[in-house]
Amino acid sequence: MSETGDSIAACTHMNFRLVWMGSDDDPDEHPPVREGGVALPHLPSGTVRYEQRGNEMVRRERLRNGCLKFTVVANFSARIVRDLILDDDVERRREFRVEAELGGQTIAFVVAAAEFGRVGWVLNKLGPQAIVYPGQQQHARAAIQGLSGPIPQERIFTHLGWRKHGSDWVYLQAGGAVGAEGLRCDFQVQLPPALQHYRLRLPADSAELVNAVRASLDCLSVAPDRISIPLLAAVYRAPWGGADFSVFLTGRTGAFKTALAALCQQHFGAAMDAGRLPAHFASTANALEGLAFSTKDALLVVDDFAPTGGVGDGTLEAVAERLFRAAGNLQGRSRMSGSGRVCVPQPPRALVLATGEEVPRGHSLRSRLLIVEVGPGEVNRATLSQCQRAGQEGQLAAAMGAFLVWAAGRYEELQEHRQMRARRLRSQLNRAAVHARLPAALAELQSGWEIWLRFALEVGAISREEQVELEQRSERAFSEVATFQAPFHHASDPALRFVALLRAALAGGHAHVADRRGRVPESPEVWGWWRQPSGRRWVPRGTRIGWVVGNDLFLEPAASYQVAQHVGGTERLPVGEQTLRHRLRERGLLASIDVGRQMLTVRRTLEGGPRQVLHLKADVLLGPQACGVPMFQPGARWP
């Protein structure tokens, strides 16, 4: 081997020496150490104890030679003074209330149990002067636990609504709870800041009770019954929980939408007026989902859905979509925690009352809403002012508080009766519903309204004749509301909107329809053709989307779908081409289908060749009100 090679080989033979530096959790050389010559016979070798010396926490360990070694763990002392169990009726979380002494000051704070063991909270809670010495993190945790002594436990509820306590039912609120015996101060309730004003009141005597109930019923006079009755019914349906629909109050600016919603909200707390409503569409979807989860068995007003036509509308629509769909499905989103654990979903448990100048788009989404429209001049301002004063004085919250005290003593009986009544009403309403979900929503509102009227009768606030009159008024109001839903559902129905968009395409020169041979059809002016200035020839405009033969219209599926999407612009069809075919069939717009091949398209010979087409009647596209389809003008916004 060459000299160079020998040198390289020699360099590759290296000796390593492994030195054990000690555990990160026990580097005795880092923290201050004090050793004494006093031996404690009752402590076996290696036994560790913790104690407080001044403001420091130290660990005391007996060595093999019988001496004691004292190691400073941290330059502060701390104790757990409360073991807190946070209960949201779905899962329980644990937190510790801690008191620490540092630099002669006592600092109190709360630490989640999941964070406590990692001791990463020290700097955040105590500041930069607090020191846990290197390698002493787990000793600091153990020292705090060991020095705390017996730790009292407290149960804290983190939601509104009903809970069963032993054999009794109580309704949780920001001020504790109410039960059959009245206010209960033995319940601790911790709510998000936005829900701190959910505070009920109880009338002092029967006369005040009657006045409170009458004040609540006076809200019916603020607007026509088709507006006021559904809103007040939603107020008294909310405490029964499990509502799979939301109420959407819509109208132009200045129609007093927010003022009406605030009257409803003040039944759950006098402070929640129009300027202090608990939720707003400017919030994130996660925030609204969390509030709707905590607002169990109560009304939650989410104010001001107001698209501007700008780039932010997509985010606003997404927030509304997530909130209303979750409420309608009674489902929350599953998510992963930072530790990789699947968190328990948090479905909305409130009855959501939303306001907005426009109704969120989407046929499926609107089916989960009961839409109430308030027009200009429909709100009686004098009566509104009177009811607002009653709300500020706490009369509306007193009416709800008395109602819940009454319900607490018979909760299970009333809940069972209400559910049975809702099922009967739903079966009666199913026959003429514009959407399958509508009868259930109306039945739920009416069943809750009837229980409220029963309460009002029992406490002497109304007579039997007034109860019957109010029930009859509510039936008429709900019938009117049901009829009113049709334009909103038609406007968002994919099949009807598809037809309306094709009309707009034909009228606007974006599409045309030919005869069987691909030539000028009869009445060419309505099928997207225009006459040349010379008046001798008809010329097609835009894309050919189909063929017309007598009263039969055959649409080329792909071309007609693409044209409709183009004309829709920013408000495109919310479904794909295949789903649209099924929606056309469900709406009864397909004149025929291929039953033998189990296909929604049919085979026809057109322009000399076989084609797969959608078969509709020509009347569907002729006339502005054919088949109940609203006329759509390009550039106009849908209701």
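How much space lies in the largest cavity? About 100 Å³, where a cavity is a set of points on a 1 Å grid over the protein atoms alone at which a 1.4 Å probe fits but cannot get out. This is a predicted model, so local features need pLDDT of at least 70 and side-chain atom pairs count only at pLDDT 80 or more, while totals for chains, interfaces and linings use all residues. Residues are numbered from 1 along each chain as its sequence is written, and side-chain values use heavy atoms, with hydrogens and water left out.

**Cavities**
- The count is 6 cavities of 30 Å³ or more, with volume being the space filled by probe spheres set on grid points joined across faces, edges and corners.
- Lining residues (an atom within 4 Å of a point) of the largest cavity include Cys-219, Leu-232 and His-267.
- That lining divides into 9 nonpolar, 2 polar and no charged residues (nonpolar: Ala, Val, Leu, Ile, Met, Phe, Trp, Tyr, Cys and Pro; charged: Asp, Glu, Lys and Arg; polar: the others, Gly among them).

**Largest pocket**
- About 410 Å³ of space lies in the largest pocket (an open set with protein on both sides within 12 Å along at least five of seven lines).
- Of its 18 lining residues, Leu-86, Asp-88, Glu-91, Arg-93 and Gln-346 are the closest to the centre.
- The lining takes in 8 nonpolar, 4 polar and 6 charged residues.

**Open sheet**
- Five strands (DSSP E runs of at least two residues, numbered from the N terminus) line up as E15-E16-E17-E14-E18, with parallel pairing (at least two DSSP bridges between two strands).
- Strands E14 and E17 are joined by 4 bridges, and Val-247 has Leu-353 in E17 as its bridge partner.
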